Amino acid sequence: TRALEAVDAGVPQAGDQLMPLVYGELRALAAAKLRSQPPGMTLQATALVHEAWLKLARSPGPGWRGRQHFFRAAADG
């Protein structure tokens, strides 16, 4: 939560510190989402995580209300 708050506050390099903390959980979310897709999808969980991360990193800080809010936004992305 502190790392999310630092990103939201615009602390330099906060995103670099956040990514290793959330990567595993983001990848698990991506893999679960891909399992629900029709067979033949070529997108991999790692690529989906990177796309979601880029989208979240480019958007202005929405004022994350904790980890749960962040992961919900990532899963919806």
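Visitor: What should I know about the model before I start?
Guide: It is a predicted model, in which local features need pLDDT of at least 70 and side-chain atom pairs count only at pLDDT 80 or more, while totals for chains, interfaces and linings use all residues. Residues are numbered from 1 along each chain as its sequence is written, and side-chain values use heavy atoms, with hydrogens and water left out.

Visitor: How many salt bridges does the rule give here?
Guide: Side chains of opposite charge can pair when their charged atoms come close. The rule asks for a side-chain nitrogen of Lys or Arg within 4 Å of a carboxyl oxygen of Asp or Glu, and by it the count is one salt bridge. The partners are Glu 25 and Arg 67, whose closest N and O atoms are 2.8 Å apart.

Visitor: Which parts does the pair tie together?
Guide: Helices are DSSP runs of H or I with at least four residues, numbered from the N terminus. Glu 25 lies in helix H2 (residues 14–35) and Arg 67 in helix H4 (residues 67–76), so the pair ties together parts that are 42 residues apart in sequence.

Visitor: What does Glu 25 touch?
Guide: Contact means heavy atoms within 4.5 Å; not counting residues up to four places away in sequence, Glu 25 touches Arg 67 and Phe 71.

Note on methods. Helices (H or I, at least four residues) and strands (E, at least two) are DSSP runs, numbered from the N terminus.
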